[in-house]
Structures are given as structure tokens and as C-alpha cells.
Amino acid sequence: MGVRGGSTDFGRFAQETISVDGDKVARRVEAAKKFRIGVDENGLGARLGPLVVTAVLASVTEQGARVLARRPPKRLSQDLGDSKALMSHKDFALGEAWARALTSETSAPRALFEALSLEKDEELRSHCPSHVEAQCWSEVRDAFIAEPGDVARIKGHLAWWAERGVVVHAVRSSVVCTKRLNDAKNAGGNRFISDLHAMERLVLDLHGVAGTEITAICGKVGGMGDYSKFFGPLSMRLHAVLEKGKALSAYHFPGLGELRFVRDADAKDSLVMLASIVGKYVRELLMARVSGYYRHHDETLEAVSGYHDPVTTRFVKATSLVRKQRRIPDSCFERARDALC
């Protein structure tokens, strides 16, 4: 199932069984499909590496809505849930399997990343000093780690969903690198606003794929309750506030649809869970590039998560000389302290 393209011809009809003079017959009826988007972030609280925001677009029938309203059944729960519990920086094969199954991209990790990325390669690299590019964008050490059987199992999950009215049509990830986070902080912003604006860009992009109004479920951005005054790409659009609170903030945009920011959405909404799992793969792939760049120069270094833990602290200290020798700016390596709080 390839989902990168922008076609909106998703098929409008389904089978319905009815009774006519006591006999069961089937007829074709228009399926009441609506379009749902699940959005979540990975790496918001990290010390190193990028912030990754991911969105998944699906068409959902009434039956599909009931499926998504329930917790994932046993057949799915081993592969769909809290991304932090199912994956780690040492093993992110599950996220890769989902990404490959969703995009049908099998040639190389770079091609898979390009199939997922909202931004083009030149846009992502445009902020990089030329001598720093290799730290973040060299794919020489990339490798697929998911087994063919893993990808086949995930395709089975997607087929099971489709049979029950949930068809995934597109998945996108937006990457905000360390330098862009630091630049945004220096311009008066913070990581929460960068996260929110990435969510907005993704929703607008997938709304274009759907070609009709959508309902987007987004993970809450920090403790934010009122989003209106912080909107970026959506700031010039007319909207109505439906609800504003700690657990849920909801907004309706005429012509676009509804955005809901839900607390703990990655534990409640299956499409948000899926977005988080794919996003964790993207972040771990990019973090592994940073880690691998320095491990190439010092084989004693451990692979790191980039979060606030002892291994990452040792990594920061141990790479200081190499970074100085290679003129790696601190702004390209570590998030400024004010960008973390």
C-alpha cells in the first residue's frame, strides 16, 4: 500500500445487505466516509537531535470510527500502542516496519525518509553550514533493521483495518532540526510553538490530500490550553473555539475542518499512536546519524537517545574535542537551555 501520493479518488461505495420480500440481497451504497488525521510529536523534550512531528491521514466509515474508538485488539496491541514502550533508540524496527508497510518503500532508508518527509531534502539542509551537513544528513551508515516478516505482519494489520472501514492514505513527518529550534528560540519562540506550527503544516498538507474537511486529533502541546494566539500557518484563517481546557482544546476552521488537541492522545487514539510510532522511527534514524558520525571518530562512544540521561551527558562531554576540531557550532549540536524549558 503506497500512501505518499496525493490522489483523492478513494472509492465512494460499499456493500450493504438488506431484506427484500424476505430475501437477503446486497446493494451498493455510498459509504459515509470521513477523513481523520492523527498527529503527534517525538523528541520535544530531547537534548540532542531533531523534533519530529508526524501525521497520518485515514478515511473512516461509521464502522471504522467504532473500531478506532476502542482500544486496539490483541492482534494489534503488540504492534500499536505507546511508542516509548514498544521501541527504543537501540531497537526501532517496529517503526520502520510500519513506515515501510505504509509507503511500500523498500529500496533504502534514505528513500524511505524522503517518502515520509514533508520537507524536501534541500529545504532541510538549507539551514546547515556545509561542513556540518555530514553530522545530520549522511546516510552512509543507514541500514534497514526490520525483517520482511515484520513488514508483512504490519501489512496484515492495515488490511484488517481496511476491511473494517479504516483506510490509511498518507503519512508525513516534519523535521525541525536543532539549529532551527535554537534559531526559533533566539527569535522569541520556543519548542512548543515550533511543535504546534509543524502540526499545522502537516494538517494543511493532508487536508490537501483528502480534498475535503477533516478532523485532526493532535497530542496536547505542553500544557497549552488556548492555541488561537499561538497559531502560525493557521493564524490568518477564520476559526471558532469549540472548547478550551487542560484535557481538550478544539477549534473549527470553515473549509478545513476541526482540530482537537487532546491530552494523552497517544494513549487514546489509534491514529495518533501510529503517528507516534512512525515519528519515533524517523527521529531514531536521524539521531543514529548524529550518534554514528561521532562514533566513527571514536569507537568507544555509545549510541545515544539524545534525551536527558547519563549516556547522553557522557556523549556530549566526550565529543567536545571532535566538535571543536571540526568546527561544529553548538547551535547545530545541542539545544540551548532556554529552548528546553
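Is His89 buried, exposed or partly exposed? At 24% relative accessibility, His89 counts as partly exposed, where buried means under 20% relative accessible area, exposed over 50%, and partly exposed in between (1.4 Å probe, protein chains only). The structure is a predicted model, in which local features need pLDDT of at least 70 and side-chain atom pairs count only at pLDDT 80 or more, while totals for chains, interfaces and linings use all residues. Residues are numbered from 1 along each chain as its sequence is written, and side-chain values use heavy atoms, with hydrogens and water left out.

**The surroundings of His89**

- His89 sits in the loop between helix 3 (83-86) and helix 4 (93-103); helices (H or I, at least four residues) and strands (E, at least two) are DSSP runs, numbered from the N terminus.
- Leaving aside neighbours within four places in sequence, His89 is in contact with Glu284, Ala303, Val304 and Ser305, where contact means heavy atoms within 4.5 Å.
- His89 and Gly306 are 217 residues apart in sequence, and their C-alpha atoms are 9.0 Å apart in space.

**The sheet**

- Strands of a sheet pair through backbone hydrogen bonds, either parallel or antiparallel.
- Seven strands form an open sheet in the order 5-4-3-6-9-8-7, with mixed pairing; two strands pair if DSSP finds at least two bridges between them.
- Strand 5 (166-176) and strand 7 stand at the edges, each with a single partner strand, so one side of each is left without a neighbour in the sheet.
- From one strand to the next, the twist averages 15 degrees.
- Strand 3 (residues 34-42) and strand 4 (residues 51-60) pair in the antiparallel sense over nine bridges, and the bridge partner of Arg36 in strand 4 is Ala58.
- Strand 7 (residues 240-244) and strand 8 (residues 248-253) run antiparallel and are joined by four bridges, with Glu243 standing opposite Ala250 in strand 8.
- The link from strand 7 to strand 8 is a hairpin through three residues.
- Strand 8 and strand 9 (residues 257-262) also run antiparallel, joined by six bridges, and Tyr251 has Leu259 in strand 9 as its bridge partner.
- The hairpin of strand 8 and strand 9 has three residues between the strands, and in this hairpin Gly255 takes a positive phi near 85 degrees.

- Ser249 is found in strand 8 and, at 0% relative accessibility, counts as buried.
- Not counting residues up to four places away in sequence, Ser249 touches several residues, including Lys220, Met224, Tyr227, Glu243, Leu259 and Phe261.
- Ser249 and Val262 are 13 residues apart in sequence and 6.8 Å apart in space, C-alpha to C-alpha.

**Helix packing**

- Two packed helices are described by the angle between their axes and the distance between the axes.
- Helix 4 and helix 5 (residues 109-116) pack at an angle of about 65 degrees, with their axes 10 Å apart; axes are lines fitted to C-alpha atoms, for helices over the stretch in contact, and angles run from 0 to 180 degrees between N-to-C directions.
- Helix 4 and helix 5 are therefore roughly perpendicular to each other, given that angles under 35 degrees count as roughly parallel, over 145 as roughly antiparallel, 65 to 115 as roughly perpendicular and the rest as oblique.
- The crossing of helix 4 and helix 5 is left-handed, a term used if the near helix is turned anticlockwise from the far one by less than a right angle, with right-handed used if clockwise.
- In this packing, Glu96, Ala99, Arg100 and Thr103 in helix 4 meet Leu112, Ala115 and Leu116 in helix 5.
- By class, the contact of helix 4 with helix 5 has four nonpolar, one polar and two charged residues, where Ala, Val, Leu, Ile, Met, Phe, Trp, Tyr, Cys and Pro count as nonpolar, Asp, Glu, Lys and Arg as charged, and the others, Gly among them, as polar.
- Helix 5 and helix 11 pack at an angle of about 130 degrees, with their axes 11 Å apart, which makes helix 5 oblique to helix 11.

- Arg327, in the loop between helix 13 (320-325) and helix 14 (330-333), has a positive phi of about 55 degrees and is not a glycine, and at 56% relative accessibility Arg327 counts as exposed.
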